[in-house]
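Here is a short briefing on charge pairs and domain contact. Please look over the sequence and structure first.

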Amino acid sequence: MPELPEVETARAVIERAALKRRIVAVDDTDSYVCRPHPPGQIRDALLGTELTEAHRRGKTMWCDTATGPVLGLHLGMSGKIVVTEADGTEVDGGDYWAYGRTNGEHRFCRFSLTFADGGVLRLLDPRRLARVRLDPNVDDLGPDAATITAARFARAVGAGRAPVKARLLDQHALAGVGNLLADDVLWRAGVNPARPVDALTDADRRRLHRALRAAIDEAVRDGGVHTLPLVPERRPGGQCPRDHTILVHATVGGRTTYWCPKHQAG
DNA sequence: TATAGTGTTATCGG
DNA sequence: ACCGATAACACTAT
C-alpha cells in the first residue's frame with residue numbers, strides 16, 4: 001500500500017505521537033526486516049534515547065535521535081506505522097491497509113519501540129518487505145516527488161529510452177512514485193505509459209509535472225493513493241473516469257499498468 | 001491449490 | 001560504465 005502519500009502520513013504520525021519520548025524497550029528480533037543488523041544491535045543503539053525529528057524523502061523515512069544513530073524506516077509493500085497509547089488509543093495513518101483493520105490486535109508486528117509511559121510505536125508488515133536500519137543512506141534517492149521543481153522533473157524525465165512509466169518509478173531519478181501513483185499521473189497528463197522518455201515533448205513534461213504535484217497533494221489530503229480517481233478502476237473491465245472508455249492493461253516497466261486507450265493513446 | 005501483488009535490489013544482457 | 005529488463009525476496013488474500 002505505501003507510496004509517497006502513505007509514507008508522508010506515517011511520518012506525520014511519528015511526528016505527532018512518537019517524538020521526545022524516552023525509549024525503554026525495543027523489539028528488533030525480526031532479522032529479515034532489521035537486516036543487516038544482528039538482533040539486539042538496533043535495540044542497544046536506541047535504549048534510553050528518544051526520537052527528536054521525523055523526516056521523509058520519497059518512500060524512505062528516518063528519525064534523528066537525541067543521543068544515538070539515525071533510525072531509518074521503510075514500509076516496503078505492506079508496512080504501516082501504528083502508535084498505541086497506554087490507554088489503548090491508537091494513532092495510525094488511516095484505513096488504507098489491505099490486510100484489514102488493526103483493531104488493536106497488532107498482527108504482523110515486525111518492530112516496536114516502547115516508551116517510558118507505556119506507549120508503543122509498531123511497524124506492522126505482513127509481507128516483511130519493510131526495513132528498519134541504523135544510519136540509512138538516503139543520498140542515492142532522487143529529488144522528492146512531492147516537492148520536485150519543473151526544471152528538475154524535466155531533467156529526471158528527459159534523456160533515455162526507458163518507457164516513461166519505468167522512469168517515474170525509478171527512485172534514483174525521482175523519489176516517491178509507486179505503481180498506482182504512476183498510473184494516475186500518466187492518466188491525468190494523457191500520456192501513454194510505454195512512451196519512451198526521449199519521445200516526450202516539453203509540453204508533455206510540463207503536464208506530467210503538474211499532474212504529479214496535483215495527484216500527490218490530493219492523495220496526502222484524502223488519505224492515500226487509493227483515493228485517486230484512476231486507482232479504483234485499475235481492474236479488468238474498469239472504466240476511464242474521464243471518458244468511460246474501458247481501460248486496457250499490460251506490463252510496462254515490469255509492473256501491471258492500466259491506461260485509457262482513448263485519451264492516452266500516444 | 002494457484003496466482004497476483006501498492007517496493008527494492010542483485011544480476012544479466014546489450 | 002550506463003541503461004533497461006528480469007527474477008527474487010516473504011507472505012497474504014483471492
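**Salt bridges and domain contact**

Asp117 and Arg21 form a salt bridge, with their closest N and O atoms 2.8 Å apart. The pair joins distant parts of the chain, 96 residues apart. Asp117 sits in the loop between β7 (109-115) and β8 (120-124), and Arg21 in the loop between α1 and β1 (23-27). Arg21 counts as buried because its relative accessibility is 12%. The model is predicted.

**Other salt bridges**

- The whole structure holds 19 salt bridges.
- Arg11 pairs with Glu8, with the closest N and O atoms 3.1 Å apart.
- Arg11 and Glu8 are three residues apart in helix α1, so about one helical turn separates them.
- Both Arg11 and Glu8 are buried.
- A network of salt bridges links Glu8, Arg11, Glu15, Arg56 and Asp144.
- Arg207 and Asp204 also form a salt bridge, at 2.9 Å from N to O.
- Helix α6 (residues 202-222) carries both Arg207 and Asp204, three residues apart.
- Arg207 is partly exposed at 31% relative accessibility, whereas Asp204 is buried at 7%.

- Chain A is assigned domain 1 (4-134) and domain 2 (150-259).
- Nine residues from domain 1 and 14 residues from domain 2 make the contact.
- The C-alpha centres of domain 1 and domain 2 lie 29 Å apart.
- About 820 Å² is buried between domain 1 and domain 2, with 66% from carbon and sulfur atoms.
- Leu4, Pro5 and Lys59 supply 53% of the area that domain 1 buries against domain 2.
- Three residue pairs are in polar contact between domain 1 and domain 2.
- Helix α1 (residues 4-17) gives the most to the side of domain 1 that touches domain 2, with four residues.

Notes. Residues are numbered from 1 along each chain as its sequence is written. Chains are lettered from A and ligands numbered from 1 in the order in which they are written. This is a predicted model: local features need pLDDT of at least 70, side-chain atom pairs count only at pLDDT 80 or more; totals for chains, interfaces and linings use all residues. Side-chain values use heavy atoms; hydrogens and water are left out. Domain bounds come from an automatic or database domain assignment. Contact means heavy atoms within 4.5 Å. Buried area is the accessible area (1.4 Å probe) that two parts lose on being put together, summed over both. A polar contact is a pair of N or O atoms within 3.5 Å; within protein, one must be able to donate a hydrogen and the other to accept it, and residues adjacent in sequence count only if both atoms are side-chain atoms. Helices (H or I, at least four residues) and strands (E, at least two) are DSSP runs, numbered from the N terminus. A salt bridge is a side-chain nitrogen of Lys or Arg within 4 Å of a carboxyl oxygen of Asp or Glu. Buried means under 20% relative accessible area, exposed over 50%, partly exposed in between (1.4 Å probe, protein chains only).
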